[in-house]
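Dear colleague,

Please find below the structure that I am handing over to you, followed by an account of what was found in it.

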Amino acid sequence: MQSISASTQRALSHFVPQDGITSIAALGNAGGFSGAQLWRLTIGGEEWCLRRWPQEHPSEKQLDWIHRVLFHAAENGISFLPLPYRIENKKSHCKVDDFFWELSPWMVGKADFWDDPSEDRLTAALKALATFHQATTRFTPQQVKPAPGIIAREKQLQQWKRLLLNPNLASQVSPDSRFASQASEIISLMPSVVPRCEKWLYEIPKSSNLQPCLRDIWHDHVLFHDSQVSAFVDFGALRIDSVAVDLARLLGSLVGDAPDRWQLGLQAYQEVHPIAEEDQAKLAAIDLANSVLSAANWIRWIYVEHRQFENGQAVQARLDQILRRLRFQSKSPFAI
């Protein structure tokens with residue numbers, strides 16, 4: 001069995017006796033960029049996932065709320081969520097060395113939609129999202145308010161617009177950087193996409209019927225077994241928001257710039273959980289903002305904050321994906 005740190009051992013002791021663990025493997029961040037650390041364990045013949053949340057987020061209050069939403073969804077028929085294990089004091093997490101930890105079942109399946117982007121898989125993913133939304137509709141009282149996800153995107157765009165449109169930004173990209181060519185092209189596309197993004201966000205209605213939303217539901221967080229969704233994973237971004245935020249995030253990630261696939265996915269979603277026309281009208285603006293702000297974040301992380309990443313190849317793949325979207329969005333207004 002792989003050796004583990006004393007901190008990890010103390011965290012595990014809150015959930016299971018050490019002699020009950022027959023195997024454990026450290027997975028690092030498992031290809032993600034959130035800062036979480038993961039371990040895969042075998043306990044009593046069953047596989048589990050130990051997660052150490054990053055110190056920055058979520059807070060204990062937020063993590064408690066996230067777990068309550070997940071348990072509520074499961075109580076309302078959702079079977080594809082890795083529910084956190086509850087320990088004796090009914091807590092579903094522990095705190096060790098200033099980190100929050102949780103243990104949940106290891107979910108079978110792979111995040112491989114891009115390898116097999118079939119219509120059956122697309123409709124399965126959107127119906128699963130609709131089922132989650134339907135199950136959590138009554139978790140909080142119904143409220144029609146400005147959607148936090150849209151307001152946040154407006155504010156972020158204003159904060160980063162000066163940087164993104166700075167004519168000297170390209171000079172900050174070191175030619176020796178492994179991301180130089182991608183970063184330079186992203187920067188060159190900003191003058192054509194930022195003004196459109198700002199205009200679209202300004203014009204769409206901000207209010208929406210708010211409820212629990214995943215907010216970071218994208219390709220890597222949807223696991224498939226054959227053509228069926230086997231799991232949603234990673235709920236650190238779960239908050240109260242508009243379902244339009246989830247729809248734009250998932251469809252933009254899975255099918256990108258294919259309007260016919262957007263329509264197919266929307267149709268599948270609405271068979272389970274219909275949405276208002278004004279929410280559907282928000283999707284193109286949110287999708288464009290996702291591309292622009294994702295690009296801004298990566299430029300900031302790499303060339304302003306000088307962050308280091310475990311997997312440079314994964315970063316390059318992520319930048320390539322953002323570039324594909326921006327190339328299309330810089331030339332073709334995308335009405336859904």
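In which loop does Arg-215 lie? The model, which is a predicted one, places Arg-215 in the loop between strand 7 (207–213) and strand 8 (222–225). The phi of Arg-215 is near 70°, a positive value in a residue other than glycine. Arg-215 has a relative accessibility of 25% and therefore counts as partly exposed.

Asp-234 is not a glycine, yet has a positive phi of about 70°. The loop that holds Asp-234 runs between strand 9 (228–232) and strand 10 (239–242). With 23% relative accessibility, Asp-234 counts as partly exposed.

One further backbone feature concerns a proline. His-57 and Pro-58 are joined by a cis peptide bond, with omega at about -10°. Pro-58 is found in the loop between strand 3 and helix 2 (60–75).

Five strands form an open sheet in the order 1-2-3-5-4, and their pairing is antiparallel. Strand 1 (21–28) and strand 4 (94–96) stand at the edges with a single partner strand each, so one side of each has no neighbour in the sheet. On average, neighbouring strands of this sheet are turned by 25° against each other, direction ignored.

The pairings within the sheet are as follows.

- Strand 2 and strand 3 pair in the antiparallel sense over seven bridges, and Ile-43 stands opposite Glu-46 in strand 3. The hairpin of these strands has two residues between them, and Gly-44 takes a positive phi near 55° there.
- Strand 3 and strand 5 are antiparallel partners over five bridges; here Cys-49 stands opposite Ser-104 in strand 5.
- Strand 4 and strand 5 (residues 99–105) are joined in the antiparallel sense by three bridges, and Trp-101 in strand 5 is the bridge partner of Cys-94.

Helix 1 (residues 6–13) packs on the sheet and touches strand 1, strand 2 (37–43), strand 3 (46–52), strand 4 and strand 5. The direction of helix 1 makes about 155° with that of strand 4.

The cysteines

How many disulfides does the model contain? The count comes to zero disulfides. Cys-94 is in no disulfide, and the nearest cysteine sulfur, that of Cys-49, is 14 Å away. A disulfide would need the two sulfur atoms within 2.5 Å. Cys-94 has a relative accessible area of 5% and is buried. Cys-213 is likewise in no disulfide, with the nearest cysteine sulfur, that of Cys-197, 19 Å away. At 0% relative accessibility, Cys-213 counts as buried.

Helix packing

Helix 3 (residues 119–136) and helix 7 (residues 259–272) pack with their axes 8 Å apart and at an angle of about 40°, which makes helix 3 oblique to helix 7. Their crossing is right-handed. Among the residues that make the contact are Leu-122, Leu-126, Leu-129 and Ala-130 of helix 3, together with Leu-264, Ala-268, Tyr-269 and Val-272 of helix 7.

How do helix 9 and helix 10 compare in these terms? The axes of helix 9 (residues 283–304) and helix 10 (residues 312–329) come within 10 Å and cross at roughly 140°, and the two helices are therefore oblique to each other. The crossing of helix 9 with helix 10 is left-handed. The contact includes Leu-288, Val-292, Ala-295, Trp-298 and Ile-302 of helix 9, and Val-315, Leu-319, Ile-322 and Leu-326 of helix 10.

Is Leu-326 buried or exposed? Leu-326, which lies in helix 10, is buried, with a relative accessible area of 0%. Leaving aside residues up to four places away in sequence, Leu-326 touches Ile-186, Leu-189, Met-190, Val-193, Ser-291, Val-292 and Ala-295. Leu-326 and Leu-189 are 137 residues apart in sequence, and their C-alpha atoms are 7.1 Å apart in space.

With kind regards

Conventions:
Residues numbered from 1 in each chain as written. Predicted model: local features only at pLDDT ≥ 70, side-chain atom pairs only at ≥ 80, totals over all residues. Heavy atoms only, no water. Pairing = 2+ DSSP bridges. Helix = DSSP H or I, 4+ residues; strand = E, 2+ residues; numbered from the N terminus. Axes fitted to C-alpha atoms, helices over the stretch in contact; angles between N-to-C directions. Contact = heavy atoms within 4.5 Å. Buried < 20%, exposed > 50% of the residue type's maximum accessible area, 1.4 Å probe, protein only. Parallel < 35°, antiparallel > 145°, perpendicular 65-115°, else oblique. Left-handed = near helix turned anticlockwise from the far one by under 90°.
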